[in-house]
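Student: I have a structure open and would like to learn how to read it. Can we go through it feature by feature?

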Amino acid sequence: MKKELRLMKGNEAIAEAAIRAGCDGYFGYPITPQSEVLEYLMAEKPHERTGMVVLQAESEVASINMVYGGAACGKKVMTSSSSPGISLMQEGLSYIAGAELPCLVVNVVRGGPGLGTIQPSQSDYFQAVKGGGHGDYKLIVLAPSSVQEMYDFVGLAFELAFKYRNPAMILSDGAIGQMMEKVELDDPRPRWTDEEIVRISPWATTGKPAGRERNIITSLELDPAKQEKLNLKLQEKYRKLEKEEQRFEKFFCDDAEYAFMAFGTSSRICLKAIQLARAKGIRVGMLRPITLYPFPVDAVKEMAGKVRGILVVEMNAGQMIEDVRMIVEGKVKVEHYGRFGGIIPSPEEVELALEQIIIGG
Amino acid sequence: METGTVNSDIIREENLVYRKSRVLTDNIMHYCPGCGHGTTHRIIAEVIEELDIQEEVIGIAPVGCSVLAYNYLDIDMQEAAHGRAPALATAIKRLMPSKYVFTYQGDGDLAAIGTSETIHSANRGENITIVFINNGIYGMTGGQMAPTTLEGMKSSTSPYGREVSLMGHPLKITDLVARLPGSYFVTRQAVHTPANVRKTKKAIRTAFELQREKKGMTFVEVLSNCNSGWKMTPVQANKWMVENMFPFFPLGDIKVNGELVSK
Ligand SMILES: Cc1ncc(C[n+]2csc(CCOP(=O)(O)OP(=O)(O)O)c2C)c(N)n1
């Protein structure tokens with residue numbers, strides 16, 4: 001059957017994907033460059049299409065706590081925001097991770113720090129992959145590099161979030177959020193019924209029927225021995241995620257002498273830079289992480305054994321490079337090329353950086 | 001007669017004057033003797049039992065002395081971050097409109113860090129019940145000044161008494177909530193005497209019943225002593241509450257059927 005095609009903005013693709021993924025509730029607060037998510041949802045009247053609840057909250061603090069409440073009921077719930085708003089959500093995200101609740105948070109990153117700029121950036125990498133809020137926890141982090149992936153990763157994020165009872169984040173940026181591309185839409189999946197929710201998430205607070213113990217959603221445990229056990233259980237889950245869910249994509253790696261590592265928008269720039277370099281006879285490839293957490297450790301290790309140098313290209317001052325260096329352990333040269341403050345590097349400057357920093361340096 | 005024989009003799013159905021609600025668990029409460037939290041928990045349990053809604057109710061505990069409320073109420077419960085209970089309740093009620101959803105919050109939780117969530121959920125007319133324990137102090141963290149701490153009242157962060165010029169005025173948040181178009185039933189009660197307990201129970205019951213009518217937020221403030229935080233005996237604390245809290249926070253209905261009660 002022919003799939004439905006549509007020209008969409010990345011932010012609109014997130015919203016349409018949510019409706020089609022059977023999402024039960026979206027709670028959000030406007031911020032550039034992602035306000036189209038809420039605008040699109042409000043215009044689409046998803047309460048008529050699928051019964052999905054959409055609410056403009058009074059703040060990102062309220063949004064994430066609405067997500068907490070909904071997630072604790074076993075519902076598929078989400079929010080989206082951009083950098084300053086995501087900072088405000090960190091306490092709530094920590095509670096959600098601590099209480100082991102599935103949900104989706106989309107960060108359409110803009111440049112910082114502070115109010116920064118509304119232009120695209122990748123400077124929230126650390127915040128996304130290292131936890132972000134207080135305590136030892138991880139988010140599942142997916143990094144789309146196209147509008148199609150903005151769409152596809154909504155469904156994937158919910159799937160992983162429920163599989164692992166863990167919050168998932170789509171770490172995008174203002175460029176992917178704002179640009180328009182062709183998107184292949186899939187058939188809508190119905191929202192879960194009450195019975196399905198009880199079956200899929202028996203821990204959810206759906207009202208205590210006679211004969212079952214009460215369900216309690218909390219992250220509190222005052223006894224250190226028990227709290228440590230809860231932490232160890234979380235760590236066990238993260239090890240499982242690291243073992244089973246590393247996702248990545250390789251480009252021109254078979255004969256590569258050098259490699260780029262980049263995610264999201266940067267990986268698109270690098271693809272073009274690869275063409276420029278190869279036209280000059282430089283055999284360069286790219287490893288593009290799709291899951292930023294769990295990081296594709298095994299693929300990085302393998303690549304480090306094959307190439308003579310790796311250039312990590314990011315729209316930040318050098319964040320993912322720390323993870324790459326930790327994995328490579330000095331076996332090959334790993335350097336960084338970054339632009340920030342809302343600047344997207346050109347393929348030409350990235351290609352030049354490869355020659356100067358990795359090959360010539 | 002032996003004591004044991006007497007006991008088994010009088011423990012009979014027809015002699016029963018009081019039975020613990022089955023919506024209360026057997027866990028021993030951690031509250032200080034004389035504190036209003038325990039009594040209010042008991043009232044909520046009894047109301048849930050009497051309305052026969054145990055299967056349909058979802059409660060939200062705050063961060064504060066009542067953070068462990070879920071240990072005592074035999075219902076599905078969530079534990080919110082400090083101040084955010086109304087945000088959780090908003091989502092739960094909208095996602096499951098047929099359920100009864102309530103938050104249980106202290107004055108620091110509801111009227112300081114969570115002011116925004118309180119005001120906006122009330123203003124949106126969220127069809128939830130808020131039970132608000134006002135003890136004029138931060139009990140859990142050791143007796144610091146709350147937004148409701150009275151002028152001149154001592155706390156660990158106002159050791160010489162609350163000085164309004166430096167620390168601001170005590171906040172009558174319930175009166176603010178009552179003035180918002182989204183609130184439908186707003187009342188202030190207390191639990192220091194059997195008569196007041198009965199009135200509070202009626203208020204909480206009304207608040208839950210009104211959720212069925214989907215008319216907006218129902219809000220029950222319960223004045224309570226915090227004898228340990230106030231550094232008094234329970235008896236002294238109740239007397240102090242009557243003499244000092246009641247004049248500033250007068251008991252009674254503030255809004256009924258969506259209309260402000262004229263005083
Ligand atoms: C974000 C955050 N800030 C501060 C605290 C510390 N804290 C816990 S309870 C509390 C105040 C509780 O007072 P109140 O809401 O009046 O309830 P009570 O304990 O008196 O019943 C504070 C400040 C916290 N847990 N989280």
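**Reading the structure**

Tutor: A:Asn65 has its place in helix 4 (residues 60-71) of chain A; helices (H or I, at least four residues) and strands (E, at least two) are DSSP runs, numbered from the N terminus. This is a predicted model, in which local features need pLDDT of at least 70 and side-chain atom pairs count only at pLDDT 80 or more, while totals for chains, interfaces and linings use all residues. Residues are numbered from 1 along each chain as its sequence is written, chains are lettered from A and ligands numbered from 1 in the order in which they are written, and side-chain values use heavy atoms, with hydrogens and water left out.

Student: Is A:Asn65 buried or exposed?

Tutor: Buried means under 20% relative accessible area, exposed over 50%, and partly exposed in between (1.4 Å probe, protein chains only). A:Asn65 has a relative accessible area of 2%, so A:Asn65 is buried. From A:Asn65 to A:Lys301 is 236 residues in sequence and 39 Å in space, C-alpha to C-alpha.

Student: How do I read a sheet?

Tutor: Strands of a sheet pair through backbone hydrogen bonds, either parallel or antiparallel. Two strands pair if DSSP finds at least two bridges between them. Here an open sheet of 9 strands shows mixed pairing, in the order 9(A)-2(B)-1(B)-3(B)-4(B)-8(B)-7(B)-9(B)-10(B). Strand 9 (216-217) of chain A and strand 10 (259-260) of chain B are the edge strands, each pairing on one side only.

Student: How many bridges join strand 1 of chain B to strand 2 of chain B?

Tutor: There are 4 bridges between strand 1 (residues 57-61) and strand 2 (residues 76-79) of chain B, and the two run parallel. B:Ile60 stands opposite B:Gln78 of strand 2 of chain B. B:Gly59 also has its place in strand 1 of chain B, and with a relative accessible area of 0% B:Gly59 is buried.

Student: Which side chains does the side chain of B:Glu221 contact?

Tutor: A polar contact is a pair of N or O atoms within 3.5 Å; within protein, one must be able to donate a hydrogen and the other to accept it, and residues adjacent in sequence count only if both atoms are side-chain atoms. B:Glu221 lies in strand 8 (residues 217-223) of chain B and counts as buried at 1% relative accessibility. The side chain of B:Glu221 makes a polar contact with that of B:Thr174 (2.3 Å), and another, of 3.1 Å, with that of B:Arg188.

Student: Why is the ligand site shared between chains?

Tutor: A residue is near a molecule if one of its heavy atoms lies within 4 Å of it. Residues from chains A and B surround the ligand, so the site is shared between them. The shell has 17 residues, and B:Cys65, B:Asp107, B:Gly108, B:Asp109 and B:Gly139 are the closest. Helix 4 of chain B gives the largest share, 4 residues. A backbone N or O atom of B:Cys65 lies 2.8 Å from an oxygen atom of the ligand, and one of B:Gly108 lies 2.9 Å from an oxygen atom of the ligand.
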